[in-house]
Every structure is written in C-alpha cells, then in structure tokens.
Amino acid sequence: MHVKSFGTGSIYATFGQISRLKNAFAILAFLLTVLPLGAQADSTLDRRITIVYGGNFTKDESLRPGASIFSKDTRQVQFEHQGADLWCDYAFLYQKDNRLEAIGNVRLQQGDSVLMTSGRVEYNGNLRLAKAYETVRLKNRSMTLTTDTLYFDREKQEAYYRDYGRIVDSVNTLTSRVGRYYMEPKKYQFQDSVLITNPDYTLESTRLDYYTTSKNAYMYGPSTITGEDYTLYCERGYYDTQVEQGYGIRNTEIHYNNRIIEGDSVYFDKATAFASATNNIKITDTLNNGVIRAHYAEVHREKDSVFATRRAVSISLVEQDSLYMHGDTLMVTGKPEARILRAFRGARFYKTDLSGKCDSIHFEERTGITQLIRDPVMWNLENQMTGDSIYLLSDLETEKLDSLKVIGNAFLVSEDTIGHRGYNQAKGKDLLGKFIDDQLKIVDLVGNTEVVYFMYDDDNQLIGIDKTLCSRIRLLMEDSDIEDITFFVDPDGVIFPEKDLPEDSRILEGFTWRGEERMRSWEEIFDDDDNNLVLPEIRGLSEPIDRDSDPTPGEEPAASPAGTQPVPKRSAGKPAPEKSGR
C-alpha cells in the first residue's frame, strides 16, 4: 500500500497488493472507519450502504465534512444496498448518516428489472430514497422513463417526478407534468397536461392511470381521444390503447362517422367499427340535422346504421317544426343521402299540426316517402284519417310535406265542432291528399265513396245533413274544416233535415272514432311503460373503475357496457361500466 500526503487533513491511498506491515495497520484503521464491526452491529446493520469497489479514496473535511470520497480508476466506483447496485465516477459516502452522493455517469440497478441512469444521485440508505438529476432515465423490460429530476422510493417501490416526464413503451409515448410509477403493478399515475401519442391516435387528459403491461388507460378527468375516424371526450373512462377500445361514463361524447353520440355510458370498439350508449342518450346526425334520443343505442359505423330502444325517439326538423317519431325500437340505416328510418312496435309520431300511430313506420330519405304500416291512424289538425296503409310524401327539393295517400278502406273523419251533433265522414277505396303550406288543402276520395256532412249557414244554423254516394269526391279544406264538396260521376245524395235522419244512419259502415288516442304534445308519444322505465345503474361513477390492479381471480372483466355486443377476450383488467343491461 502506497501512502502519499497532500497536506493537513488530506490523505490519498491506492488499494493495491499489500506488501508492508505498516500499511496493513492503515487498512485496518480505514475499515474500522468505513465498515461497522460485528461487535457494533444492531438492527440498522442491514440498512448500511456497502462499498463494493472504492477505486481511489480520499477524505477532505474542508470540502466535505464527514464524507469519504471515492473516484473511479480503471473502473467505476460501486456500492450496494439491499438488492440494488450503484455505479458512478465520483461519490461522497456519509457513513454516519448512511447516505451517498453519486456524480457522473450514475447507474442504479435494482435486480434485473429496473435500471436508472442519470448525471447525479442523492441516496438515503435509511429511507431507501434516491433523488436523481440531470437527464434521468429509468428503464425496465417494457418501458423507458426520462425526466430532469426523478425520485425513486425503493421502500414503496415507486418513482415519481414533479416537473414533466416522458415515457416510451412498445406502443405509446406518454408525457405529463406530474407522474408516479408504481413498480409492483407496473402502473403510472399521470397528472396535469397528460398526453399519449401513437401513430393511430392521441389521448389528452388532466389525470390518467396507465398500465405498462396491459396498455390500459383509466381516465379520471377531462380527457379527449382523437383517432383516425373518431373523437371521444369524457371525464371518467377506460381505454385499451392497443386495440383502441374503451368507454366513458361521465359527460361522454363521441364524434363518429358524421354522428355525435352522447350518453351516461358510451362504449366504442375500433376493430368492429361499433359504438353503443346507455342512459340519457343523444345521437346527432350532423349531415341530416336529425337527433335520436333513447336509453340504449348501438351505432355500426361500417353499415352506417343506428339501433335505438328504451324510450327511443327520432327528432327532425320539418318546415321549422320538429317532427318526433317513436317506437319500441328505432333503426336508421344507409348513407346520408339515402337514410332509411324504421320505427317498430307501437310506432307514433307528432308534429304541431300532424300526428299519428301504427304498428311500424318506414321513412326513406331518397324517395321522401313515410309509410305507416298496420292499423294506421293519422290526424291533421282536427281531421282523423285511417286506412289499410298510409303514405306521406315529401317534396325532395323543398323537403316540405307535399301529399298523402291512404290505400284501402280510406276514411276521413272530423267532429261536428259547430253543433256537436256527430261526425263529418268521407270514405272511399283510396284517399289522395295535397298539402299546401303544411296544411291539408285538397282531398280526393276515389272508389265507392260516401259522405255524411253537417251543413251550416253563415249564422251557424244547421241546414241539414248531407248523405251522398258517388264514384269520386273532392273536398277543399280550410283550417281543417270542409269548405267545399264536389261529387263526380252520378252522385246519389240527399240533404236530410236533422229529424229525418236517425242516429244510426249518420254513421258510415267501418266508421271508428279514435280521438282519445290523439297526441296533443310530443310527450304523449310515450306510453306508461316508457315513462316508468327503470334505468340501469352506471358502475364506476363513485367506485373505482380500475380492474387492472385487482382483477377477480379467474374472471375476465368485460370492457363494454352491459347490453352491448360481447367483447373478445384479450387481456384481464377490463371493467364493466354498468350493473345491469337493457
């Protein structure tokens, strides 16, 4: 051992082959200073930082009081502490405080799973806490974290930064102002200015949890995901970043193929081009300016279709007036210029001056034809129309209501609102009507036509009851009242005094009055079952949605809301947003 003096308070030593006895005593003195003797061991012994390779050694109390100073020679200085090794070019070891300052090309290796490199590290052996500075890089098998300053808590097995960090894994690049990495579940918790970038999408959030193994993200604040053909906004939700599949359960909105989908719980899957929503749903057709509201809905992007049920209603604008269409189930299919809308089972529609009901409704954008199928009834102001089938035709250029057809057993009925003596009736095989300014102005009845009509003078005194049969009748209407009647081809009729026409003769065969079924507001399109609908409870609004951290053993959690199509099993940890389905 060669000893050289550099002045008062300074000793320099190079550890080589021991050749002189006096140097052996110097080594012993150093070991007594640096390493605890077995006789002095206590409960803190296993927390002491151990010197694996000291390189060059010196002490300088004026420079670093209480520190043993080590620097590299042909190899870096190395220390070990409870399963972690640290290498550096230069180090200050404070044995009394059990802490270490490492400078220059610092590497901290924990087992074979975690490697941290930086320009400088302050390490507290008692707390097992490392603070790393200067181009810090933390790596494991699945990701790399870089930041300017990183805290590595080996006691809790957590690493965190407070002033921006960047994480890169096999799929994504993630950045945030504040971040914490939990090593045991391989989970990141990001806060403030969170951004995930991927060749196929970006995700921005104010708070997000991310698992490096499953690549699942859980959003707990305002978040926006922008993909190639969709945009999702939510304030609480889940996203599988590998397959672009997820859901939102608070203030959620998806822009999806010219549609905006909103609901209490909204799910989507890019691979199947599918989205669904549950509770308080609103689907806006941005091209056709239509809206569907319901409590369960599905959107199939490739088929350009929407399926909606549970208090489902379609709302569209017709001549500055909203047209409401309801059925147990609504389906919208086809491209924007060729949309087809169907309402099934208990179909109803309402507009300020036009309403009706039947079993099913079929509307085709390309033809402008609305068909009321099976047991239809329609009201235009005070006029009731029934028949085997009813068709409403719109002008394709103006998109205004143009005409109507009642095919088979056509009946037009209105109450006698002047004298309240009965019902004005006109029937025939078919009925053809013409709308002008959204009002039914001309009605032609053809084939075995009959009329019963209460006639009044200008003073509203009854003239008589007109009862006529002929081949064709034309009615001119004004404000839903019959202003003029024209009979064609051999009319056979009589105007009876009221006393000469018995009550039963005032009713035409096949007459049915359904006035009690008429809807006088759009809310009346819903029945008691619709209004008393019990909605499923959305899971995750108050309890955690994170299933990656503690999945039920043997269970494959579903990623989609209850009631949507099943999701193929891929990896564990996918939460179910609802407690019950439709």
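**Entry 1: salt bridges**

I began with Lys 429 and Asp 430, whose side chains meet in a salt bridge at 3.5 Å, N to O. I noted the cut-off: a side-chain nitrogen of Lys or Arg within 4 Å of a carboxyl oxygen of Asp or Glu. The model is a predicted one, where local features need pLDDT of at least 70, side-chain atom pairs count only at pLDDT 80 or more, and totals for chains, interfaces and linings use all residues. Residues are numbered from 1 along each chain as its sequence is written, and side-chain values use heavy atoms, with hydrogens and water left out.

Is Asp 430 buried or exposed? Asp 430 counts as buried, at 15% relative accessibility. I wrote down the classes: buried is under 20% relative accessible area, exposed is over 50%, and partly exposed is in between (1.4 Å probe, protein chains only).

Next I looked up Asp 500 and Lys 499, which form a salt bridge at 3.2 Å, N to O. Asp 500 is partly exposed at 41%, and Lys 499 is exposed at 73%. The structure holds 36 salt bridges.

**Entry 2**

I moved to the strands (DSSP runs of E, at least two residues, numbered from the N terminus). Strand 9 (residues 99–110) pairs with strand 10 (residues 114–124) in the antiparallel sense, over ten bridges. Two strands pair if DSSP finds at least two bridges between them. Leu 100 stands opposite Tyr 123 in strand 10. Three residues separate the two strands of this hairpin, and Gly 111 in the turn has a positive phi of about 60 degrees.

Strand 10 also pairs with strand 11 (residues 129–139), antiparallel, over eight bridges. Here Asn 124 stands opposite Leu 129. This hairpin has four residues between its strands, and Arg 128 in the turn has a positive phi of about 55 degrees.

**Entry 3: Arg 128 again**

Which residue forms a salt bridge with Arg 128? I found Glu 155, with the closest N and O atoms 3.8 Å apart. Glu 155 lies in the loop between strand 12 and strand 13, and Arg 128 in the loop between strand 10 and strand 11, so the pair ties together parts 27 residues apart in sequence. Arg 128 is buried at 16%. Glu 155 is partly exposed at 43%.

**Entry 4: strand 45**

Last, I looked up Asp 481. Asp 481 lies in strand 45 (residues 481–488). At 39% relative accessibility, Asp 481 is partly exposed.
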